[in-house]
Amino acid sequence: MCTFTVKNNQSNFRHEFTNSLSCRNEMPEASPCDHWSAFYQQQSILEPPSAFARFVAESFLQNENQSLKLSNVNRRNSKKYILDVACGTGRDSLFFAESGYDVIGVDLSAQPLVKDQTTSKSSSWRFVQGDMGKLHLIQEPSCFADPEFFFDAIYFRFCLHSVPPDVQTAALRYAHTKLAVNNGVLCIEARSVKDDLYGKGVRVGEHAYEATTKQSPAHYRRFIVLDDLVLELKQLGFSMLFVGEQNGWAEYGNEDPVVVRVVAKREV
Ligand SMILES: C[S@@+](CC[C@H](N)C(=O)[O-])C[C@H]1O[C@@H](n2cnc3c(N)ncnc32)[C@H](O)[C@@H]1O
């Protein structure tokens, strides 16, 4: 069991990580993740962390000038807390946990690899089953419900393009409420409208297509317009620390998609 305590002037908060899986929170009646369930079933080993996880860790979590010293919460310990939204197998969660952070990974479906990894590899990683559009309904672990607990980083990798715009907005709005002011970082990487896969399959919404994959006859992808994402983030109260769009950042097998990357901080 890994326990962490957060203290501020008014009160003490004690949150507990346990290795025992898992918390199940509000779930949709039908999972839209058939593609991912089938995809993960085929994986027998955990893949290495993404290039984005390394980029975030090197550029925004370890930099002395941008180190995540909390200004709004005076913590007793020096632990940093990361929320990995739609963590998948948890490969990036594990990377952050092994780099010294306490990590909570949330995903719509609990994958076998997540269970293996969270139970055996790291006591600093907790998995929670939940919908990124309903993060506000998650009650366990208690830091979710604690209005005075804030994450040092909230991380969305390759998931915003998996959900409709209203789910994206709900997730980003939640992230704004739970990110530490000033030094917390919101980290996003997602497929761009400039990706070669854009326009493939059946159009089901603005910039959204359902395409046949090996795992699913109708895999949903909503490609991201960088300017729209940045505008939405600004309207929610974030300011941008890094904005980029290119290929070469998320190579996977034969694929080299054009992706958007945004790192932002929360304004008061
Ligand atoms: C491309 S995978 C990315 C996994 C991981 N972030 C990574 O980079 O390796 C997309 C993930 O989003 C999850 N997902 C899709 N819709 C979701 C939702 N509404 N709430 C939570 N997770 C969701 C899927 O289950 C899948 O694990």
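## Exercises on a predicted model

The protein chain has an average pLDDT of 83, and 78% of the residues reach at least 70; pLDDT is the predictor's confidence in each residue, from 0 to 100. Over residues 63-76 the pLDDT is below 50. This is a predicted model, where local features need pLDDT of at least 70, side-chain atom pairs count only at pLDDT 80 or more, and totals for chains, interfaces and linings use all residues. Residues are numbered from 1 along each chain as its sequence is written.

**Exercise 1.** Find which residues come nearest to the ligand.

**Exercise 2.** Explore the largest nonpolar core and leucine 186.

*Solution.* First, take the core as a set of buried Ala, Val, Leu, Ile, Met, Phe, Trp, Tyr and Cys residues joined through C-beta atoms within 7 Å. A residue is buried if 20 or more other C-beta atoms, placed from the backbone, lie within 10 Å of its own. The largest such core has 60 residues, with Val85 and Leu186 making the most contacts inside it. Helix 2 (residues 51-61) contributes the most, six residues; helices are DSSP runs of H or I, at least four residues, numbered from the N terminus. Next, beyond four places in sequence, leucine 186 is in contact (C-beta atoms within 7 Å) with partners including Ile154, Phe238 and Val263.

**Exercise 3.** Explain why helix 3 is largely enclosed.

*Solution.* Seven of the eight residues of helix 3 (residues 91-98) are buried, so the rest of the structure largely encloses this helix. Among them are Arg91, Asp92 and Phe95. Glycine 100 follows helix 3, with a positive phi near 110°.

Methods:
Near = placed C-beta within 6 Å. Buried ≥ 20, exposed ≤ 12 C-beta atoms within 10 Å, placed from the backbone. Helix = DSSP H or I, 4+ residues; strand = E, 2+ residues; numbered from the N terminus. Contact = placed C-beta atoms within 7 Å.
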